[in-house]
Structures are given as structure tokens and as C-alpha cells.
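Colleague: I'm new to reading protein models. Could we go through one together, step by step?

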Amino acid sequence: MKILLSYAQILVLYAGLLLLGQGLVYVACFGRHETNPVYRFFRFLTSPLVKAVRPITPKKVAERHLPVVAFFVLFWLFFAIAVLLPKL
């Protein structure tokens, strides 16, 4: 069980770093992020995470804010696993 939680924590960390990388490329492109192939690759890799967050967010949340919501969900999930892991 401890090994599975460790793997889950690593996957959550990896997904969070992908979202962070997407955000950094977005900021670095100065509005031309849709034409950047690196940004499109990050968007391709993070699209399942963003789609998974859509059902739990209110309809008033804009589509462009969903990656931020996904990042914060992963952030809290990472720390929840970190708290749970030493107790096993």
C-alpha cells in the first residue's frame, strides 16, 4: 500500500509540473502561446487533467481558468498523500 501511494504521489507531482510548465510557457509567449509547439505539447499532455476538473467546477468558471483549478487540486492531493503516507 505504501508503494502504491508513493507511485501515486510521484504521478501527481509529475502532472503538477506539467501544468506548471504549461503556465510558464504561456507567460513567456506574450500572447502567442497557441502558435508555440511546446505550449501545444503541454496542452496535449495536460488536457485529461483539465477535462477531469471540469465536472467539479461551477459553470461560471471560464475554460481558460481550468488549468489553474487543476493545478490547485493536484497541489492539495499531493499534500494529502504526503500526510497519509507516513502514517502507514
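**A walk through the model**

Modeller: Happy to! Ala62 is found in the loop between α2 and α3. This is a predicted model, so local features need pLDDT of at least 70 and side-chain atom pairs count only at pLDDT 80 or more, while totals for chains, interfaces and linings use all residues. Residues are numbered from 1 along each chain as its sequence is written, and side-chain values use heavy atoms, with hydrogens and water left out.

Colleague: How many helices and strands does the protein have?

Modeller: Helices (H or I, at least four residues) and strands (E, at least two) are DSSP runs, numbered from the N terminus. Read along the sequence, the pattern is α-α-α. The count is 3 helices and 0 strands.

Colleague: What share of the residues in the protein is buried?

Modeller: Buried means under 20% relative accessible area, exposed over 50%, and partly exposed in between (1.4 Å probe, protein chains only). Ala62, for instance, counts as partly exposed at 31%. Of the 88 residues in the protein, the buried share is 28%.

Colleague: How far apart are the C-alpha atoms of Ala62 and Tyr14?

Modeller: For scale, the C-alpha atoms of the protein fill a box of roughly 45 × 30 × 15 Å, taken along the principal axes. Ala62 and Tyr14 are 48 residues apart along the chain. Their C-alpha atoms are separated by 25 Å.

Colleague: Which residue does Glu34 form a salt bridge with?

Modeller: Side chains of opposite charge can pair when their charged atoms come close. A salt bridge is a side-chain nitrogen of Lys or Arg within 4 Å of a carboxyl oxygen of Asp or Glu. Glu34 is partly exposed, with a relative accessible area of 40%. With the closest N and O atoms 2.5 Å apart, its partner is Arg43.

Colleague: Is Arg54 buried or exposed?

Modeller: A search of the whole structure finds 2 salt bridges, and one of them joins the side chains of Glu63 and Arg54 (3.3 Å, N to O). Glu63 is exposed, at 55% relative accessible area. Arg54 has 18% relative accessibility, so Arg54 counts as buried.

Colleague: Which elements give two or more residues to the lining of the largest pocket?

Modeller: On a 1 Å grid over the protein atoms alone, a cavity is a set of points where a 1.4 Å probe fits but cannot get out; a pocket is an open set with protein on both sides within 12 Å along at least five of seven lines, and lining residues have an atom within 4 Å of a point. The largest pocket is lined by 23 residues, with Gln22, Tyr39, Arg64, Pro67 and Val68 nearest its centre. The elements giving two or more residues to this lining are α1 (2-28), α2 (37-53) and α3 (66-84).

Colleague: In which loop does Phe30 lie?

Modeller: Phi of Phe30 is near 55°, a positive value in a residue other than glycine. Phe30 is also exposed, with a relative accessible area of 70%. Its place is the loop between α1 and α2.

Colleague: Where is the place of Ile3?

Modeller: Ile3 is exposed, with a relative accessible area of 55%. The place of Ile3 is helix α1.
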